[in-house]
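Open the model in your viewer and keep the selection tool ready. This tour says what to select next and what is there.

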Amino acid sequence: MFGPTVKLEENNRNTVGIPATNNDLTEMAMFVLSGKIYRHFLRFSIFKCLISTPLTLSGKINCPYYAKAELLADKLQNYLPNFRIRKISIPSEKWKEWLEDICRKNGWKHKESPLIWREIVHQGGKGLLLGGFSDFLEHCQKYYNVTSDMPADIMVQIAEENLEAHKQLLAEAQHRANLVRHIWISSALSSTSQFLMGSLISADVFPNISTIDVHLLDLDGDEEELHHLKNELEHQALHLLHQVTIHTDLEQAFQKADVIILLDEPWCDDIATEDERELKKRKIDTISERYREYGRLIDTQTEKEVKVIVSGESFVNLRCSLLLDYTHSIHSHQIVALATQLENEARAIVAKKLNVRPADVRDVIVWGNISGSFYGDLQKTKVFNYDGPVKGPEFFSLPAQNIINDRTWIETDFQELVRSRRAAVVSRMNRTTAMSCSHGILTVLKAWNRPWCWK
């Protein structure tokens, strides 16, 4: 079990035989009666502890003495393989507050940069304060026989380089942060939201963006279902997706939002006993209260270049106008009420009449309210690839009104066909036209983000 016996002699005492292990110095110390050997062991233990205990070096980024202490610590790290160092560079404007805070937590008194201590928390104690640069230099000379003879001009130069490097790191971090887009979707458990998810997070919709954070907000939905939706989205391993978060209250809503898609539809409880007029009034009151709060949050918590899309089947114009009333710091052109699904249905009707593809019909304008009275305007509408007496290349188009040449059909039949077609689609599916809504949202986002190729 034990290694060879060690024989020690001190002050003419009898020789003492000490059984020594091969590895455990502390066991040897238990048998040492000699003051000289014991003191030697303590010095060795302290030196070993100093080498293995991490050294923390903190200071103002532009402090010359912090720069000098950094180089001295680097020299020690090169000389001593087990010497460990941790550096904390603090911006000048934050140094005073940071220094006061850490000194208060550890019971230290220190006023200048740098601040140097040893981390011995993992050994059961708190940080051991060494002091400033002069204290650190004395410590290095005493224990390691290492000193620093750096000229003052080199100290200043290194401090300036440290400051410049810090500014560059901040700029790079800001650049990375700017590449992240935060997308918020309300009523995230709606059919439209679930149709939208797969196509939304793509470079086709968000070019030149490296990362997207998706925030799923549903004030009326089940939190467990939101977790299921979050997991489904994450399991798709979409290239741009960074993270998905869920929200069931308004406390954190729309923070840092770059894009907000509002899909809330008005609802009311206990509606079976109410007449149609009272029901409509309650729906308007409910949606108005919510969108006033949305407007206040968007005004205070989002990025100022935020894009807001209001989509759905009911009170779309009302919801959009409420947002405009309560978002004083957001430009009005950044908030839109979506009627793209109605516009696409109108394009399909014109395309069928002229025997072209719906994609060949462009610039149909819808005036009014998608969920109320509206008018389909074909004055600016162009038709491509029409098989008529006048033909041209792919970029050649003709005015739709000139090809149709039937004002009565445009003013009456066309308007009625759009209304009846929309009602038929909603009735047949017995739900909102989720696929059409999601396609309309994607169309608007592409128009905002890729105006050079929007069709």
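Helices (H or I, at least four residues) and strands (E, at least two) are taken here as DSSP runs, numbered from the N terminus. Counted this way, the protein has 14 helices and 17 strands. Keep in mind that the model is predicted.

**Whole chain.** Select everything. There are 455 residues, and 42% of them count as buried. Now think about contacts between residues at least 6 apart in sequence: 66% of these join residues at least 24 apart.

**Two helices.** Select residues 64–79, helix α3, and residues 133–144, helix α5. How do their axes cross? They come within 10 Å and cross at roughly 20°. Angles under 35 degrees count as roughly parallel, so α3 and α5 are roughly parallel to each other. The crossing of α3 past α5 is left-handed.

Show the side chains at the contact. From α3, pick Tyr65, Lys68, Ala69, Leu72, Ala73 and Leu76. From α5, pick Phe133, Phe136, Leu137, Cys140 and Tyr144. Colour them by class: 10 are nonpolar, none is polar and 1 is charged.

**A sheet.** Move on to an open sheet of 3 strands. Its order is β13-β16-β17, and the pairing is antiparallel. Which strands stand at the edges? Select 361–362 for β13 and 397–399 for β17. Each has a single partner strand, so one side of each is left without a neighbour in the sheet.

Next, select 382–384, strand β16. Strand β16 pairs with β13 in the antiparallel sense over 2 bridges. Zoom in on Val361: its bridge partner in β16 is Val383.

How values were computed:
Residues are numbered from 1 along each chain as its sequence is written. This is a predicted model: local features need pLDDT of at least 70, side-chain atom pairs count only at pLDDT 80 or more; totals for chains, interfaces and linings use all residues. Side-chain values use heavy atoms; hydrogens and water are left out. Two strands pair if DSSP finds at least two bridges between them. Axes are lines fitted to C-alpha atoms, for helices over the stretch in contact, and angles run from 0 to 180 degrees between N-to-C directions. Angles under 35 degrees count as roughly parallel, over 145 as roughly antiparallel, 65 to 115 as roughly perpendicular and the rest as oblique. A crossing is left-handed if the near helix is turned anticlockwise from the far one by less than a right angle, and right-handed if clockwise. Contact means heavy atoms within 4.5 Å. Ala, Val, Leu, Ile, Met, Phe, Trp, Tyr, Cys and Pro count as nonpolar, Asp, Glu, Lys and Arg as charged, and the others, Gly among them, as polar. Buried means under 20% relative accessible area, exposed over 50%, partly exposed in between (1.4 Å probe, protein chains only).
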